[in-house]
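Here is a short tour of the pockets in this protein. Have the model open as you read along.

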Amino acid sequence: MLPEVVFVLGAPGAGKGTQCSLISEEFDFVHLSAGDLLREERQRPGSEYGEMIEEKIRNGEIVPVEVTCSLIHKAMEKSDKNRFLIDGFPRNKDNLDGWQRVMSDKTKLLFVLFFECSRELCTSRCLGRGAAGSGRSDDNLESLQKRFNTYMNDTLPIINHYDKLGMVRRVNAESAPSEVFEHVKKCFTNLDVQS
Ligand code: UP5
Ligand code: MG
């Protein structure tokens with residue numbers, strides 16, 4: 001059986017990572033955050049991409065798909081599971097085309113989980129996380145403005161693309177994590193019956 005994937009999208013700070021952790025605790029999905037994989041690759045001694053990744057992340061720009069897709073692919077292969085939450089990917093047309101070139105025949109996309117949250121709330125969450133010592137080089141106002149521009153210009157069109165295909169499940173992400181998760185759960189319950 002082909003590995004099954006759910007793409008998880010939403011603005012910076014919408015709560016993708018938080019909800020993916022909750023989903024993977026309750027349902028049989030492996031959480032793969034594209035951003036976390038890139039941050040790990042950036043730290044890996046000898047990585048030829050470290051500097052490029054850091055610069056892109058700080059400027060809220062998107063890393064070329066060859067790098068991101070290969071990290072996701074490797075992480076999927078390392079896992080003995082068959083269902084994956086791919087958090088924060090695909091973010092632009094380059095990502096989408098690259099995934100379709102290499103991975104679409106090797107996987108089955110179940111749906112796209114889309115977290116809706118206002119820019120103000122997302123910004124204050126990320127700034128709060130930065131102030132609490134996240135150590136993320138993009139949790140500052142300047143990077144956040146760039147991250148949001150990229151999100152509006154490059155990522156929203158990808159969500160619209162999947163929306164036209166009827167594949168998007170939207171969840172309002174403005175309430176407390178546990179409340180958001182109550183809505184998220186409905187997207188994952190009876191998945192085997194629905195798919
Ligand atoms: N929080 C979460 N949910 C909350 C709630 N319901 N109520 C109150 N607070 C809540 O949450 C963010 C913060 O908010 C946390 O402090 C959390 O406790 C709190 P989180 O769950 O981390 O939100 P998330 O949407 O995952 O935010 P994140 O900052 O990770 O989103 P981004 O999409 O900006 O970051 P990502 O790591 O995916 O990407 C970072 C960069 O990597 C990108 O900008 C880009 O440069 C690069 N990248 C690529 O180039 N390609 C990729 O494919 C992916 C990333
Ligand atoms: Mg995240």
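## Pockets in the predicted model

In this predicted model, the largest pocket has a volume of about 830 Å³. A pocket here is an open set of points on a 1 Å grid over the protein atoms alone, where a 1.4 Å probe fits and protein lies on both sides within 12 Å along at least five of seven lines; its volume is the space filled by probe spheres set on the points, which are joined across faces, edges and corners.

Lining residues, those with an atom within 4 Å of a point, number 40 in the largest pocket, and P12, K16, R91, R136 and R147 lie nearest its centre. Elements giving two or more residues to this lining include α1 (16-26), β2 (30-33), α6 (119-131) and α7 (141-164), while α2 gives the most, with five residues. Helices (H or I, at least four residues) and strands (E, at least two) are DSSP runs numbered from the N terminus.

The second largest pocket is lined by L37, E40, E41, R44, L71, K74, A75 and K78. Its lining takes two or more residues from each of α2 and α4 (65-78), and α4 gives the most, with four.

| Pocket | Volume | Lining by class |
|---|---|---|
| Largest | about 830 Å³ | 14 nonpolar, 15 polar, eleven charged residues |

Ala, Val, Leu, Ile, Met, Phe, Trp, Tyr, Cys and Pro count as nonpolar, Asp, Glu, Lys and Arg as charged, and the others, Gly among them, as polar.

Residues are numbered from 1 along each chain as its sequence is written. Totals for linings use all residues, whereas local features need pLDDT of at least 70 and side-chain atom pairs count only at pLDDT 80 or more.

Technical notes. Chains lettered and ligands numbered in written order. Heavy atoms only, no water.
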